[in-house]
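My entries follow in the order I made them.

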Amino acid sequence: LALCWTMGVVGFSGVPLNLITSLLPPIVMVVSISAAIHLLNRFLDARAAGYPNAEAVQQTIQHVGGACLLATLTTMMGFFSLLVSPVTAVQEFAGFAGISIGLSLLITMTAVPLALLGCGPFISPQPGHNRRHFRNIERLLERCFRWVSTHPTRVYLGAGVVLLLLL
């Protein structure tokens, strides 16, 4: 979601993508995922400590929220410091990266707690209890991989149809 918002901001600003600004997607994904992992780990710790779902989410925000905020602010300031560069492409990248890091925090700190509130009761706080669900996902991914690798023509045709429909 943060990546969609970031690319929307880039598109809305009218600045064309260049070699440097095309590096925004991996940066946004890494920052968003790292904050989400911190939230999820703290949530699992709170659940393992015996807190009910809603209180575990509250504990998570109280314990990890400030650290995520400070990490985001320092990362934003690092990117914004590149605005003094004489190279226009670097300035564009710096502005969009700083904004996208802030959007990433906003989305992560709202979407992840909401997801944990909704899905938290189904997540076991005990190590190893979720393996059954992971085995099902692994089996599904293996079947998808086998199908895609044995039917490349169908995959290319399907991707082409989707691209044509999007035009």
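I started with what H1 packs against: its buried residues pack against helix H2 (24-48) and H4. The model is predicted, and I read the contacts with that in mind.

I then listed the residues behind this packing. In H1, Ala 2, Thr 6 and Val 10 are buried. Viewed down the axis of H1, the buried residues fall within an arc of 75°, so they line one face of the helix.

Next I checked the length of H1. The helix covers residues 2-13, twelve in number, and reaches 16 Å from first C-alpha to last, close to the 16 Å expected at 1.5 Å a residue. Gly 14 follows H1 and has a positive phi, near 85°.

I looked up the nonpolar surface as well. Leu 1, Trp 5 and Leu 106 make a nonpolar patch of about 330 Å². Leu 106 belongs to helix H4 (residues 88-119).

Last, I turned to H6 (residues 152-166). Its 15 residues should span 21 Å at 1.5 Å a residue, and the end C-alpha atoms are 21 Å apart, which agrees. How many of the 15 residues of H6 are buried? The count is zero, and I noted H6 as hardly covered.

Methods:
Residues are numbered from 1 along each chain as its sequence is written. This is a predicted model: local features need pLDDT of at least 70, side-chain atom pairs count only at pLDDT 80 or more; totals for chains, interfaces and linings use all residues. Side-chain values use heavy atoms; hydrogens and water are left out. Patches are made of residues with over 30% relative accessible area and no salt bridge: like charges are joined within 9 Å, nonpolar side chains (Val, Leu, Ile, Met, Phe, Trp, Tyr) within 5 Å. Accessible areas come from the Shrake-Rupley method with a 1.4 Å probe; for residues, only the protein chains shown count as cover. A salt bridge is a side-chain nitrogen of Lys or Arg within 4 Å of a carboxyl oxygen of Asp or Glu. Helices (H or I, at least four residues) and strands (E, at least two) are DSSP runs, numbered from the N terminus. The expected span of a helix is 1.5 Å times one less than its number of residues. Buried means under 20% relative accessible area, exposed over 50%, partly exposed in between (1.4 Å probe, protein chains only). The arc is that of the directions from the helix axis to the C-beta atoms. Contact means heavy atoms within 4.5 Å.
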